[in-house]
Amino acid sequence: MSRNLFLRIVDEVKGHDMYFVQRADAMGRFGLSTLQKITAVFRMLAYGLPADATDEYVKIGESTAIESLKRFCRAVVEVFGEQYLRSPTPNDVARLRHIGEQRGFPRMLGSLDCMHWKWKNCPTAWAGQYAGRSGSPTIILEVVADYDLWIWHAYFGMPDTNNDINVLESSHLFSDLAAEPSHFWQKEVLHDIMTTCVILHNIIIENERDFNAPIQDDLEGPPPTVEMATDENQQFQEFLARDRRIKNKDAHFALSNALIDHLWENTRG
């Protein structure tokens, strides 16, 4: 992350939450600065540092570091969420499909994958709901990213996610306490942390895009041809149809073989 981008985020968060504004106490002594609090948060998010380890670098207490992390993540979601977590518009869909066709992947919007995030301090009563393939409680993050790694879809926090298929079936896409971030108790805090990481990822991607790269010639796609369904019954029927297609093994193997043949022909050409 560049210095200018970091300072932009600092200014936005400070303007949104007075907690990050440096203040003086009754004796006139100034407390922790904005940069101290937010630098501690970034070290915890980026490197997974325990909260008490930030004291060695920015001279900030353990409890203050934890409170700063919680409030920073909430502020980022509220300030940047609308812009950097937005769903693709019809024009975005048309552009992404156009780029996919030119790169040899017709009708492709992005790559879909899931990751398991270990929840060390998951409450015992919930451990069974979040038991993952490793045997320990995990929360799955489902993400769809496009060709330049911009995340268009993120789904996080659902219980009973023992494998990726469980996530797909339930996804909106088709419908020690003072340690690193994954050690918190509250699921809501973990959700804010993960959402903040997605937002910061998109902000960095936007800041570091190479607008001189050839792929940017496709920034303006053809006129959108996406028809948005408004009838609830039609939407439900389309959901059922997508669910059946996801589970159709014959269709899966047919599409896989067709993609292999398509890529082979393009490679030979």
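How many aromatic pairs does a search of the whole structure find? The search finds 7 aromatic pairs, where a pair is two rings of Phe, Tyr or Trp (its six-membered ring) with centres within 6.5 Å.

1. Basis of the note. The model is predicted: local features need pLDDT of at least 70, side-chain atom pairs count only at pLDDT 80 or more, and totals for chains, interfaces and linings use all residues. Residues are numbered from 1 along each chain as its sequence is written, and side-chain values use heavy atoms, with hydrogens and water left out.

2. Overall architecture. The protein chain has 9 helices and 3 strands, taken as DSSP runs (helices H or I, at least four residues; strands E, at least two) numbered from the N terminus. The order of elements from the N terminus is α-α-α-α-α-β-β-β-α-α-α-α.

3. Surface and burial. Carbon and sulfur atoms hold 53% of the accessible surface of the protein chain, which comes to about 16200 Å² (Shrake-Rupley method, 1.4 Å probe; for residues, only the protein chains shown count as cover). Of its 269 residues, 37% count as buried; buried means under 20% relative accessible area, exposed over 50%, and partly exposed in between.

4. Aromatic cluster. Phe80, Tyr84, Trp150 and Trp152 form one aromatic cluster. Within it, the rings of Trp150 and Trp152 make a tilted pair, 5.9 Å centre to centre with 50° between the planes; planes under 30 degrees apart count as stacked, over 60 as edge-to-face and the rest as tilted. Both tryptophans are buried.

5. Nonpolar cores. A nonpolar core is a set of buried Ala, Val, Leu, Ile, Met, Phe, Trp, Tyr and Cys residues joined through side-chain atoms within 4.5 Å. The largest has 32 residues, and Ile9, Val13, Ile38, Phe72 and Ile203 have the most contacts inside it. Two or more residues each come from helix 1 (3-16), helix 2 (34-47), helix 4 (62-84) and helix 7 (187-208), with helix 4 giving the most, 10 residues. A second, separate core of 12 residues includes Trp119, Ala145, Met194 and Val198.

6. Contacts of Ile38. Leaving aside residues up to four places away in sequence, Ile38 touches Phe6, Val10, Val13, Phe20 and Phe72 (contact: heavy atoms within 4.5 Å).

7. Leu259. Leu259 lies in helix 9 (residues 249-268) and counts as partly exposed because its relative accessibility is 36%.

Definitions and conventions
Buried means under 20% relative accessible area, exposed over 50%, partly exposed in between (1.4 Å probe, protein chains only).
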